[in-house]
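Hi everyone, thanks for making time. Let me put the structure up and walk you through a few spots in it.

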Amino acid sequence: MNYLKCLAVFAVGVFSAALAEESAEQTDMKALALTISQEALLVDTHIDMPYRLQESWADVTSSAPDRNFDYLRAHFGGLNAPFMSIYTPAEMEETGGAFLVANQLIDSVEALAARAPNKFAMAHTPQQAEAAVSRGLIALALGMENGAPIEGDLEKLQHFQKRGVRYVTLAHSKSNHISDSSYDENRPWGGLSPFGREVVTEMNHLGIMVDVSHLSDEAFYDVLEATKTPVIASHSSARHFTPDWERNMSDEMIVALANNGGVIMINFGSTFLTKAAREWRDEFGIQRDAWSEETGHGTDSPEAKAFELTYREKVPFPYSDVADVADHFDHVIDLVGIEHVGIGSDYDGVGDSLPVGLKDVGGFPNLVEEFLRRGYSRADIEAVLGGNLMRVWREVEQFADSHSG
């Protein structure tokens, strides 16, 4: 064999060995990611399953392929402490009925746990969540998205605390009697309403975490001024990647949140993650509204859904991926440290916009693998997966206990 052939054979051998070594490392990393996901306390503060079940029932105690959350995928992905979103539409602020719907949704989550006691358990405290997970169960905590069910009555807030609600998103897509919304051009309060400040104080005393997602920037800073405990953003991402979109949090807000001891929980919706997806959504909205005005069909009509499908065929949606999600975690960590970021996926709440690799609750090992690839330690990963949120939950609970009576 001549020199060139020998060199070629040697090069192929070296490349094959390197490829085998790299493949083995990748396999090991995937296995470690799955192990961490399934062994850690994994908290996701925003799963929109309850309201979707009300719209269209599915058996999430086993497999529900048309949903983002079900037991089988949650079990595989390691999601063992999700907060079920008790969501009421913003329109109910005016039409009424939010108190009724919120109670019905809580009933439905309790019924789910009662129907599958070998799989789920309600968790009203951090201790209950940890105890359920230690028994191999998925702990179902409750977070209320939109303060409309309070209906201007602090006794109703107390009622929901007794029912297990452990955070309240003060407003949703429209300003309400508690707070201005980032989505609403009508901002009657310039931040929190006077009653909203009372709500924050009462939430502190009741051990309910204050959620600043959806709020206007002014309302966010009003909350920080009014609260005596750390707050959370239950499903928001970093505005750094979506400039000028108020629904996400600016760097200055993230720093202020960290100084308060709080946590921002990263939303997985592609439009929360990348400028390209945000711009696609904005342009689609312009085109859909023009079509709606021209045809007379409502934007929630079957015809509008058909219009969106056609539009997506012509202009494909730019889905984000796991790396884009991890970029938001990196950004927050670079700003304020590992202690102030967690997961608030918005599964079953952001429609068909979820990232490649994180299409449902079974995908959490893919995110953990990305963290490992970026050099995160296991301790850091476990803090992000659940430790940071549990710290805030405990601090809020401890403040309430020390100020009771």
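So, to start: is H214 buried or exposed? H214 counts as buried, because its relative accessibility is 5%; buried means under 20% relative accessible area, exposed means over 50%, and partly exposed is in between, with a 1.4 Å probe and protein chains only.

Quick housekeeping. This is a predicted model, where local features need pLDDT of at least 70, side-chain atom pairs count only at pLDDT 80 or more, and totals for chains, interfaces and linings use all residues. Residues are numbered from 1 along each chain as its sequence is written, and side-chain values use heavy atoms, with hydrogens and water left out.

Back to H214. You'll find H214 in the loop between β6 (209-211) and α9 (217-226); helices here are DSSP runs of H or I with at least four residues, strands are E runs of at least two, and both are numbered from the N terminus. Phi of H214 is positive, near 80°. Most residues other than glycine have a negative phi. D348 also has a positive phi, about 65°, and is not a glycine. D348 sits in the loop between β9 (341-343) and α15, and D348 is buried too, with a relative accessible area of 8%.

Now α15 itself. Helix α15 (residues 364-373) packs with helix α16 (residues 378-402) at an angle of about 145°, and their axes are 10 Å apart. Those axes are lines fitted to C-alpha atoms over the stretch in contact, with angles running from 0 to 180 degrees between N-to-C directions. Who touches whom? V368, F371 and L372 in α15 meet I381, V384 and L385 in α16, where contact means heavy atoms within 4.5 Å. By class, that's 6 nonpolar, no polar and no charged residues.

F371 and V384 come up again with F329. Leaving aside neighbours within four places in sequence, F329 touches residues including I266, V341, L367, F371 and V384. F329 is also among the residues with the most contacts inside the largest nonpolar core, along with F69 and L170; that core has 96 residues. A nonpolar core is a set of buried Ala, Val, Leu, Ile, Met, Phe, Trp, Tyr and Cys residues joined through side-chain atoms within 4.5 Å. Helix α5 (residues 98-115) gives the most to this core, 8 residues.

Last stop, strand β1 (residues 43-47): 5 of its 5 residues are buried.

Definitions and conventions: Ala, Val, Leu, Ile, Met, Phe, Trp, Tyr, Cys and Pro count as nonpolar, Asp, Glu, Lys and Arg as charged, and the others, Gly among them, as polar.
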